[in-house]
Amino acid sequence: MSRVSKLFTYILLIIFTLFFLIPIYVLISTSFKPLQEVSLEKMWFLPLKASFQGFVKAFQKLSPNLKNSFILVIPATIISALVGSINGYVLSKIKFRGSNLLFTLILFGMFIPYQSVLFPVIRFLQSINLYGSIWGLVILHIIYGLPITTLIFRNYYAEVPTELIEAAHIDGAGIFKVYWKVLFPISLPGFVVVIIWQFTNIWNEFLFAVTVTSDPTKQPITVALVNLAGSKVVEWNVQMAGALLAALPTLLVYVLLGKYFLRGLLAGSVKG
Amino acid sequence: MSFSNWNSFSKLMKGEYIFVGLRNYFRLFEDPRFQTDLWNTLFFTLFFILGCLSLGILLAVLLDKGLKGSRIFQNLFLFPMAISFVVTGTVWSWIFAPGILPKFPQGMNLLYKLLGLESLQWSWYTSTVSIFHFNLALIPVIIAAIWQLSGYTMAMYLAGLRGIDQALIEAAKVDGATSRQIFWRIKFPILRPITLSAVIILGHISLKIFDLVYSMTGSGPNNVTDVPAIYMFETTFRANKYATGSAIAIVMLVMVAVVIVPYLVSSMKREVSK
């Protein structure tokens, strides 16, 4: 490649990098400003003196919601990953009549707008007395996480040679024993992809969270963050610090395990 | 529920179901707010998909050249995917807040002023200007959405480009093909199915978009940035009009289904024939 075209490529890449970094710059520089420095004229400048005032305040306000988010995300992620892996095993290795149709129907669940299931879902949660609680949300996210976890595991297990499973069957292992002894031990990479994906999605989800939990002490972080902005006088440093706190867990996961994150992303887009 | 008269809390509590046929739907489609919502969804979807596809393919092609540091750039372009729409909306709402013009510009308008580009200042997402039903106030929201999801299309295209057999490209080079020919004749056709997947996925996201708009602009003046999901949310959970809310939800389901079902059916058929 000629030097000119190389240079040109870099210039373009750097321009786009700026576009991608603008919000992050505003987010970080504002969140470190003390309140008296947060003014409209100075929003594009770095803070004169770094201050943790915004973070302290945001943490005070949002720490119960951060905790809620963790209470929500951890069980929902683990259970939906486990059930998804069993589904994926059944749908990839045990061919039965209508298994393809069933799989397509499950996939449709991935694309369904949550709005259209809100009423039945709320009714269901009311009937089992979990409406308004974080556990109600856990159940929802397990159910609505299944399509994607099933899809990823099905594709993952499709690469496992069927002979392996048949051999285990000949040795007298039942369906569950095959899963537990043969597939589960080699599923770790699949689980990493699925867990990261679910963690990110559930953490960031908003619509279910805002409709199912109305008590502010029970809401996860995304809802609390929007409510923070809704108050009359918006302290932007607190707001931005709060946004940063809300984004931190998923960003950390992305930075540490980006490779697997990407795999989950592509799994959701490349079908079959 | 969308066929019922449950448009107040007391009617819902009484639980007496009165079938009203399609009345809720007729009312909905006559409602100017819902008409605005449909136009907004149409233009939002159109520009959002176009933006994500073109930026995604451009970035993928740039990164596919294999220059030093490509990996860093790739991670940078993809990280918004890890952030929630709510955070994105919050930050962009501040960046695009117009301030009070002309004296007290804010956000981008302020940046324009600092750069001496005052003529570019405008009222961003509070603008009520509309060109053939396209509310210009949607532009900032579309930019924020592209910011969040173009990394995704980039990743898809990049995976596609890297999957291309290098021998094919070498052979074309030996035959004297220019790099432009190689792109349009070899790479582009291979990327076409990826484009289809991307359109479907982005399309279904944009048809039901809620978090981003809700946290960034809300409905805006004269509903310039309103979308069906916001209308549905407000009419149901703020105004207790459950029947209207259900009708909107069903319309949304139908819109998404129209996009998704043919795609799923065709991919199932491909599966069976394999």
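**Exposure, packing and contacts**

Analyst: A:Asn129 has 10 C-beta neighbours inside 10 Å and therefore counts as exposed. Please bear in mind that this is a predicted model.

User: Where does A:Asn129 lie?

Analyst: A:Asn129 is not a glycine, although its phi is positive, at about 60°. Most residues other than glycine have a negative phi. The place of A:Asn129 in chain A is the loop between H4 and helix H5 (134-158).

User: Is B:Asn240 buried, partly exposed or exposed?

Analyst: B:Asn240 also is not a glycine and has a positive phi of about 60°. B:Asn240 is found in chain B, in the loop between helix H11 (228-237) and helix H12 (242-273). A residue needs 20 or more other C-beta atoms within 10 Å to be buried, and 12 or fewer to be exposed. Because B:Asn240 has 16 other C-beta atoms within 10 Å, B:Asn240 is partly exposed.

User: How many helices does chain A have?

Analyst: Read along the sequence, chain A follows the pattern α-α-α-α-α-α-α-α-α-α-α. The secondary structure of chain A includes zero strands, and its number of helices is 11.

User: What percentage of the residues of chain A count as buried?

Analyst: The C-alpha trace of chain A spans about 75 × 65 × 30 Å along its principal axes. Among contacts in chain A between residues at least 6 apart in sequence, 77% join residues at least 24 apart. Of the 272 residues of chain A, the share that count as buried is 43%.

User: Which element gives the most residues to the side of chain A that touches chain B?

Analyst: In the contact between the chains, 52 residues of chain A meet 58 residues of chain B. Several helices of chain A give two or more residues to this side, among them helix H1 (3-31), helix H8 (188-204) and helix H11 (236-267). The residues of this side divide into 35 nonpolar, 15 polar and two charged. With 13 residues, the element that gives the most is H11(A).

User: Which residues have the most contacts inside the largest nonpolar core?

Analyst: The largest nonpolar core has 147 residues. B:Val213 touches B:Val141, B:Thr225, B:Val227 and B:Ile230, not counting residues up to four places away in sequence. The residues with the most contacts inside the core are A:Ala243 and B:Val213.

User: How many of the residues of helix H5 of chain B are buried?

Analyst: Helix H5 of chain B covers residues 85-95 and is mostly covered. Its buried residues include B:Phe85, B:Gly89, B:Trp92 and B:Ile95.

User: Is H5(B) roughly parallel, roughly perpendicular or oblique to H7(B)?

Analyst: In the contact, B:Phe85, B:Thr88, B:Gly89 and B:Trp92 of H5(B) meet B:Pro140, B:Ala144 and B:Gln148 of H7(B). By class, this contact has four nonpolar, three polar and no charged residues. The two helices pack with their axes 10 Å apart, at an angle of about 135°. Because of that angle, H5(B) is related to H7(B) in a way described as oblique.

User: Is the crossing of H3(B) and H7(B) left-handed or right-handed?

Analyst: Helix H3 (residues 32-64) of chain B packs against H7(B) at an angle of about 40°, with the axes 6 Å apart. That makes H3(B) oblique to H7(B). The residues of their contact divide into 20 nonpolar, five polar and one charged. The crossing in which H3(B) passes H7(B) is right-handed.

Definitions and conventions: Residues are numbered from 1 along each chain as its sequence is written. Chains are lettered from A and ligands numbered from 1 in the order in which they are written. This is a predicted model: local features need pLDDT of at least 70, side-chain atom pairs count only at pLDDT 80 or more; totals for chains, interfaces and linings use all residues. A nonpolar core is a set of buried Ala, Val, Leu, Ile, Met, Phe, Trp, Tyr and Cys residues joined through C-beta atoms within 7 Å. Two residues are in contact if their C-beta atoms, placed from the backbone, lie within 7 Å. Helices (H or I, at least four residues) and strands (E, at least two) are DSSP runs, numbered from the N terminus. Ala, Val, Leu, Ile, Met, Phe, Trp, Tyr, Cys and Pro count as nonpolar, Asp, Glu, Lys and Arg as charged, and the others, Gly among them, as polar. Axes are lines fitted to C-alpha atoms, for helices over the stretch in contact, and angles run from 0 to 180 degrees between N-to-C directions. Angles under 35 degrees count as roughly parallel, over 145 as roughly antiparallel, 65 to 115 as roughly perpendicular and the rest as oblique. A crossing is left-handed if the near helix is turned anticlockwise from the far one by less than a right angle, and right-handed if clockwise.
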